[in-house]
Amino acid sequence: MRLVVGLGNPGRRYRGTRHNIGARVVEALARRHGVALREEGWAQVGTLTLGKVRVLLARPQTYVNVSGTAVADLRRRHRVPLSNLLVVYDDLDLPLGQIRLRAGGGHGGHNGMRSIIDALGEQGFPRLRLGIGRPPAGVDPADYVLGRFDPAEAALVDAAVERAADAVEVFVLKGIERAMSAFNVRGEPDRVLLLRPSGEASDG
């Protein structure tokens with residue numbers, strides 16, 4: 001099983017905020033594959049199959065800063081190896097709309113990732129970061145991540161969410177190294193693993 005966790009704060013108050021872009025990727029995958037998310041423990045979850053791989057999508061219902069509670073609980077319940085966990089979240093240090101995958105590493109100042117690393121006692125798990133850009137001069141980063149994207153940014157953000165969902169599918173079917181090779185580049189990758197509506201994989 002692969003466990004894909006999209007970070008975000010729960011409740012309508014935070015929908016559409018920069019801090020919730022990770023959760024938007026999980027929601028996009030759920031829509032793409034016709035999966036309904038249901039309550040389980042500290043998260044909303046849904047299951048799908050890509051190729052022959054079972055995937056658990058999860059959107060924690062804890063606040064971002066304490067995401068470790070939900071992630072550790074899900075990993076324990078479903079006995080997911082660390083290398084099969086992918087955490088999707090926002091990153092201030094990447095330009096808006098850019099995505100980056102890594103096989104492991106530190107929290108980079110992201111409190112949600114700090115919480116997950118502390119809860120798991122490990123940092124060697126894959127992650128997918130979506131750039132939200134730096135706040136303007138004089139704006140507190142804490143306020144910035146809880147703000148909503150400007151209308152002029154909407155198309156770029158929507159495209160980044162869909163591209164991140166593509167990257168998750170490549171991670172599931174081909175692994176983190178293949179996903180990094182395909183998506184850790186500027187612009188669109190030349191050849192990435194695509195899915196036909198039937199779920200059959202093809203290189204295109």
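For a chain of 204 residues, a compact globule would have a radius of gyration near 17 Å, and the 16 Å found here agrees with that expectation. The model under discussion is predicted. Taken along the principal axes, the C-alpha atoms fill a box of roughly 50 × 40 × 30 Å. The chain is built from six helices and nine strands.

Of the contacts between residues at least 6 apart in sequence, 67% join residues at least 24 apart. Of the 204 residues, 52% count as buried. The accessible surface comes to about 9600 Å², and carbon and sulfur atoms account for 48% of that surface.

The largest nonpolar core contains 36 residues, and Val 25, Leu 128 and Val 168 have the most contacts inside it. Helix H5, which spans residues 154-174, gives the most to this core, with nine residues. Apart from it lies another core, of 19 residues, which includes Val 5, Leu 56, Leu 74 and Tyr 89.

A pair of aromatic rings is described by the distance of the centres and the angle of the planes. A search of the whole structure finds one aromatic pair. This pair is formed by Tyr 14 and Tyr 63, with 6.0 Å from centre to centre and 85° between the planes, an edge-to-face arrangement. Tyr 14 lies in the loop between strand E1 (2-6) and helix H1 (21-32), while Tyr 63 lies in the loop between strand E4 (53-60) and helix H2 (67-78), so the pair ties together parts that are 49 residues apart in sequence. The two partners may also be described by their accessibility. Tyr 14 counts as buried because its relative accessibility is 13%, under the 20% limit. Tyr 63 has a relative accessibility of 46% and therefore counts as partly exposed.

The charged end of Arg 18 sits over the ring of Tyr 144, at 4.0 Å from the ring centre. Likewise, the charged end of Arg 127 sits over the ring of Phe 125, at 4.6 Å from the centre of that ring.

Note on methods
Residues numbered from 1 in each chain as written. Predicted model: local features only at pLDDT ≥ 70, side-chain atom pairs only at ≥ 80, totals over all residues. Heavy atoms only, no water. Phe/Tyr/Trp six-rings, centres within 6.5 Å; stacked < 30°, edge-to-face > 60°. Helix = DSSP H or I, 4+ residues; strand = E, 2+ residues; numbered from the N terminus. Buried < 20%, exposed > 50% of the residue type's maximum accessible area, 1.4 Å probe, protein only. Lys NZ or Arg CZ within 6 Å of the ring centre and 35° of its normal. Core = buried A, V, L, I, M, F, W, Y, C linked by side-chain atoms within 4.5 Å. Rg over C-alpha atoms; globule rule 2.2 N^0.38 Å. Contact = heavy atoms within 4.5 Å. Areas by Shrake-Rupley, 256 points an atom, 1.4 Å probe, with all protein chains shown as cover.
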